[in-house]
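Please read the following note with the model open beside you, and look up each residue as it comes up.

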Amino acid sequence: MRHLQTLLALLFFVLLSTHLAAGSAEPRPRVGLVLGGGGAKGAAEVGALKVLEELDIPVDYIAGTSIGAIVGGLYACGYKSEDLERLFLSQQWLTLFANRNTSIGDNIIGEHDGTLYVLGFPILHKKDRAKRDSTGVETEGPGFFSGRQITQLLDSLTKTYDGIESFDHLPIPFRCVAVDLKSQEEVVMDSCELELAMRASMAIPGAFKPVRWKGRMLVDGGMQNNLPVDVVRAMGADVVIAIDLEQAVHENRDFSLKETLGIGGLLDWAVSRPDWKKNKANREDADVCIMPDLLEFDVSSFSKESISRMIERGEMATRAKSKEIKSLLKKKKQDKK
């Protein structure tokens, strides 16, 4: 009987100690990661992620635009930087984005499944109307490429989370930025098929067909918010680390054709460039803004050599900020006591 009482007392002591230890754990600041748009330059974001992992920096929230939505969405699913590096280096990205059909061989002009191809690239579809591809993503409207192949790749990579009610249910809560082509309004996507959200966010107007979602025609989020610091702040982040792939800091434009002449749409956007003003504000609002040196690269620099170099540039730029990040997290943690 005494042995039983002793065991029960020990068990009570262990449970009490565990409870007290858990209750005394110091709260830490919640970290939000923002991944900006920039086409192939998104490889630098993979390099940044590599260093953040090495530094053991926790990521509690992610918001991304365009290529940043793709990198961020996959990272939110649980892919690590080494997985994303392999993905960047192993894919024929230009073929994926352009839906190039290599089955027509060396023919300059060919037709397959109702689509006319020139040098393997889709030029004219048999039926110019809204259509749903094999992944269930509905595309319509102006755009040279349908983005079918990149959608299929993203679908295969995110199948584990098919049917989730909210992006909050991913291993890391995630938000994706797109723009309504008709109204020019920013759309923050927090629930739907994940591959659809990423595909919508990268739909550069004129290049890719918009994605139809809830009655909207969605295109590249970079038209309004290429560095969505404000989005990850709204998710609850105490500290925001932003990876900005833009190299230039543009002067704001206050002139708008819509306000002065009643002309809206893409023409008004090209004149007023509302994204410049928001990008500047978001840079200033980020606690740490990492800007890799990518001046010699552009959105189409998808060669393996370029990708490797951009990953290295992302690593270098993040290492240069490592002390600042650590110091900031330490200060924020002390402030929470």
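1. Strand 8 and strand 11 (residues 216–220) pair in the antiparallel sense over three bridges, where two strands are said to pair if DSSP finds at least two bridges between them. Helices (H or I, at least four residues) and strands (E, at least two) are DSSP runs, numbered from the N terminus.

2. Before going further, please keep in mind that this is a predicted model, in which local features need pLDDT of at least 70 and side-chain atom pairs count only at pLDDT 80 or more, while totals for chains, interfaces and linings use all residues. Residues are numbered from 1 along each chain as its sequence is written, and side-chain values use heavy atoms, with hydrogens and water left out.

3. For the chain as a whole, there are 13 helices and 13 strands, and 50% of the 337 residues count as buried; buried means under 20% relative accessible area, exposed over 50%, and partly exposed in between (1.4 Å probe, protein chains only). Among contacts between residues at least 6 apart in sequence, 70% join residues at least 24 apart, a contact being heavy atoms within 4.5 Å.

4. How many of the residues of strand 8 are buried? Seven of the seven residues in this strand (residues 174–180) are buried, so strand 8 is largely enclosed by the rest of the structure. In a regular strand the side chains alternate between the two faces of the sheet. Here Phe174, Cys176, Ala178 and Asp180 point one way, Arg175, Val177 and Val179 point the other way, and all are buried.

5. With strand 2 (residues 61–65) it pairs in the parallel sense over four bridges, and the bridge partner of Thr65 in strand 8 is Val177. Four bridges also join strand 8 to strand 9 (residues 186–189), and these two run antiparallel, with Val188 in strand 9 as the bridge partner of Val177. Strand 8 and strand 9 form a hairpin with five residues between them, and in the turn Gln184 has a positive phi of about 65 degrees.

6. Helix 7 (residues 194–201) is mostly covered, since eight of its eight residues are buried; among them are Leu194, Glu195 and Met198. These three residues are also among the contacts of Thr158, which touches Leu74, Cys77, Leu194, Glu195 and Met198 when residues up to four places away in sequence are not counted. Thr158 has its place in the loop between helix 6 (148–157) and strand 8, and Thr158 is buried, with a relative accessible area of 1%.

7. Where do helix 4 (residues 81–90) and helix 12 (residues 304–319) meet? Glu85, Phe88 and Leu89 in helix 4 meet Lys304, Ile307, Ser308 and Ile311 in helix 12. The axes of the two helices come within 9 Å and cross at roughly 155 degrees, and helix 4 and helix 12 are therefore roughly antiparallel to each other. Axes are lines fitted to C-alpha atoms, for helices over the stretch in contact, with angles running from 0 to 180 degrees between N-to-C directions; angles under 35 degrees count as roughly parallel, over 145 as roughly antiparallel, 65 to 115 as roughly perpendicular and the rest as oblique.

8. Side chains of opposite charge can pair when their charged atoms come close. The structure holds 21 salt bridges, a salt bridge being a side-chain nitrogen of Lys or Arg within 4 Å of a carboxyl oxygen of Asp or Glu. One of them joins Arg175 to Asp168, with the closest N and O atoms 2.9 Å apart; Arg175 is buried, with a relative accessible area of 13%, whereas Asp168 is partly exposed at 38%.

9. Another salt bridge brings together the side chains of Lys278 and Glu186 (2.7 Å, N to O). This pair links distant parts of the chain, for Lys278 lies in helix 11 (residues 274–285) and Glu186 in strand 9, 92 residues apart. Lys278 is partly exposed, with a relative accessible area of 26%, and Glu186 also counts as partly exposed, at 25%.
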